[in-house]
2 protein chains.
Amino acid sequence: MARAAPKPRFARQPPEVRRQALIAATIECLKRYGHEGLSIRTISAQAGVSVGLINHHFPNKDELVAAAYRHINSELIAGMQAAVAAAGSSPRARLRAFLESWFSAPSLDADALAVWVVFWGLYRHSRLIQRAHRETYQGYVSLLRGILAELLPTERAAHGGRGRRVRAAVPAVDLRLAAIGLTALLDGLWLEWCLEPGTFRPAEAIELCEAWLAQLTRRNGSRGGQRP
Amino acid sequence: MARAAPKPRFARQPPEVRRQALIAATIECLKRYGHEGLSIRTISAQAGVSVGLINHHFPNKDELVAAAYRHINSELIAGMQAAVAAAGSSPRARLRAFLESWFSAPSLDADALAVWVVFWGLYRHSRLIQRAHRETYQGYVSLLRGILAELLPTERAAHGGRGRRVRAAVPAVDLRLAAIGLTALLDGLWLEWCLEPGTFRPAEAIELCEAWLAQLTRRNGSRGGQRP
DNA sequence: CTTGTTGTTGTACGATCGTTCAACAAGCCT
DNA sequence: AGGCTTGTTGAACGATCGTACAACAACAAG
């Protein structure tokens with residue numbers, strides 16, 4: 001009974017576990033306090049560790065922030081890829097899964113927007129953020145392009161192989177502009193919803209995107225190839 | 001000859017002139033250095049004044065930043081309003097003027113995006129920024145809504161002669177969703193272009209927006225009122 | 001030229017920032 | 001039980017932050 005309390009003052013963690021905890025704390029601080037939350041002391045307090053520990057697992061603050069950015073990015077893209085992969089092989093179903101993944105949590109979250117905005121503000125002046133972006137963004141681009149390519153049939157002519165029985169030799173839809181427009185619509189709707197969640201429902205956003213794509217294919221049939 | 005050099009060490013300015021100069025310096029620092037440029041010393045150096053002067057013309061830093069935000073906002077909106085007003089009375093011409101104003105300098109500028117992004121990051125945690133936003137944003141909303149309102153009925157009438165009679169009683173297009181979608185497209189395209197100006201030309205962005213609006217009116221004629 | 005007003009300067013202060021580092025101790029090994 | 005590795009602590013440092021304030025000086029008025 002007079003035994004000294006063996007209660008440890010802290011618990012040692014494997015480096016990778018601690019790294020992930022610090023990354024999670026960084027994101028949480030960003031959600032809560034915005035750019036001002038990006039301080040060593042705020043983050044370490046959130047993670048329940050001392051100030052010195054961060055520099056033991058990360059060479060400096062910028063590397064931690066870049067790691068957090070990379071984590072958010074890859075998490076989100078992996079979620080969308082999984083949703084699309086689970087949707088089967090139907091192009092329309094895959095598009096639907098993609099859109100539903102885009103317009104639902106954790107992507108569609110006002111807090112998440114606050115986090116993104118801070119990262120965007122850092123993008124221009126932090127090479128580490130730029131690198132993290134480049135390394136993860138490619139996955140998103142190829143995912144979206146794959147969905148669009150299999151959705152807009154004539155584009156397969158350019159790829160050869162699969163689409164053997166292509167009717168028109170001329171590409172009906174400008175795939176490039178289609179991707180640009182869809183991306184803009186996705187980003188813009190996502191932005192709008194996060195800023196003011198009450199103005200429209202996620203289902204309406206999906207509807208708008210599908211209407212946009214439907215217009216592209218219909219345009220093909222009626223007056224395609226009109227581009228200057 | 002031996003006269004002491006009467007060169008003044010500084011020049012006094014009327015308060016309003018100095019205020020505007022400090023606001024301009026703030027924006028310039030934001031363009032150059034992002035969020036890190038938002039320091040009293042950086043801004044005062046950019047403006048060519050001493051550190052103490054800012055607090056003589058602004059009660060604190062946050063007020064200066066909010067004033068800069070208000071300035072950018074009203075400047076941009078006033079530019080668009082002027083462009084639309086100068087376009088005459090034709091709804092299509094007014095839309096065209098609006099889009100051209102949107103997708104051209106000084107709105108369409110990668111540096112400007114960097115500035116906006118910093119402000120967005122501050123928005124959630126600064127009441128002053130929120131107030132500045134609320135006071136200026138209303139002008140934009142009413143401008144866009146006016147353009148859409150005068151455009152959609154007319155568009156409908158123009159297409160109405162194509163075999164189907166125009167019915168003014170039932171709103172042909174969901175004006176609310178139209179505004180949401182157009183805003184998303186505008187924001188998204190603007191964002192995309194600022195991030196990677198090489199991917200498409202401003203004229204193509206305008207084309208995409210007009211195609212979007214054309215789709216809305218066409219949709220009305222073919223299968224309108226299908227909304228759940 | 002003298003005076004008064006006030007825009008302007010620049011130092012100073014306390015707070016907070018990111019980072020360093022010597023000391024500590026938790027947990028595994030023998 | 002004792003040694004060893006190493007994750008962890010927390011004080012300390014210099015730099016920089018926003019702000020306050022007393023002294024200065026530009027310029028108009030008399």
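## Surface near DNA strand D

In this predicted model, DNA strand D is surrounded by 26 residues, and the closest of them are Gly52(A), Ile40(B), Gly52(B), Asn60(B) and Lys61(B). The element that gives the most is α2(B), with three residues.

The surface near DNA strand D can also be described by residue class. It has 11 nonpolar, nine polar and six charged residues.

## Surface near DNA strand C

Around DNA strand C there are 25 residues, of which Pro8(A), Ser39(A), Asn60(A), Lys61(A) and Gly52(B) come nearest. Here the elements that give two or more residues are α2 (40–47) of chain A and α1 of chain B. By class, the surface near DNA strand C divides into 11 nonpolar, eight polar and six charged residues.

## Contact between chains A and B

The two protein chains also touch each other: 27 residues of chain A are in contact with 28 residues of chain B. On the side of chain A that touches chain B, at least two residues each are supplied by α6 (110–123), α9 (175–195) and α10 (202–223) of chain A. The largest share comes from α9(A), with 11 residues. This side of chain A has 13 nonpolar, nine polar and five charged residues.

## Relation between the two copies

Two copies of a chain are related by a rotation about an axis and a shift along it. For this model, chain A is superposed on chain B by a rotation of 180 degrees with 0.1 Å of shift along its axis, and the RMSD is 0.1 Å. The two copies are therefore related as by a two-fold rotation axis. Both copies use the same surface, since 100% of the contact residues of chain A recur in chain B.

## Packing of α1 and α2 in chain B

In chain B, helix α1 (residues 15–33) packs against α2(B) at an angle of about 115 degrees, and their axes are 8 Å apart. Because of this angle, α1(B) is roughly perpendicular to α2(B). The crossing of these two helices is right-handed.

From α1(B), the contact involves Ala21(B), Leu22(B), Ala25(B), Thr26(B), Glu28(B), Cys29(B) and Tyr33(B). From α2(B), the residues in the contact are Thr42(B), Ile43(B), Gln46(B) and Ala47(B). Taken by class, the contact of α1(B) with α2(B) consists of seven nonpolar residues, three polar residues and one charged residue.

## Packing of α6 and α7 in chain A

In chain A, α6(A) and helix α7 (residues 127–151) pack at an angle of about 115 degrees, with their axes 8 Å apart. Phe119(A), Leu122(A) and Tyr123(A) of α6(A) make this contact with Ile129(A), Gln130(A) and His133(A) of α7(A). The residues of the contact divide into four nonpolar, two polar and no charged. Helix α6(A) also supplies at least two residues of the side of chain A that touches chain B.

## Cis peptide bonds

In chain A, the peptide bond from Ala105(A) to Pro106(A) is cis, with omega near 0 degrees. Pro106(A) lies in the loop between α5 (91–102) and α6 of chain A.

In chain B, the peptide bond from Ala105(B) to Pro106(B) is cis, with omega near 0 degrees. The residue Pro106(B) is placed in the loop between α5 (91–102) and α6 (110–123) of chain B.

Key: Residues numbered from 1 in each chain as written. Chains lettered and ligands numbered in written order. Predicted model: local features only at pLDDT ≥ 70, side-chain atom pairs only at ≥ 80, totals over all residues. Near = placed C-beta within 6 Å. Helix = DSSP H or I, 4+ residues; strand = E, 2+ residues; numbered from the N terminus. Nonpolar A, V, L, I, M, F, W, Y, C, P; charged D, E, K, R; others polar. Contact = placed C-beta atoms within 7 Å. Axes fitted to C-alpha atoms, helices over the stretch in contact; angles between N-to-C directions. Parallel < 35°, antiparallel > 145°, perpendicular 65-115°, else oblique. Left-handed = near helix turned anticlockwise from the far one by under 90°. Least-squares fit on C-alpha atoms with pLDDT ≥ 70 in both.
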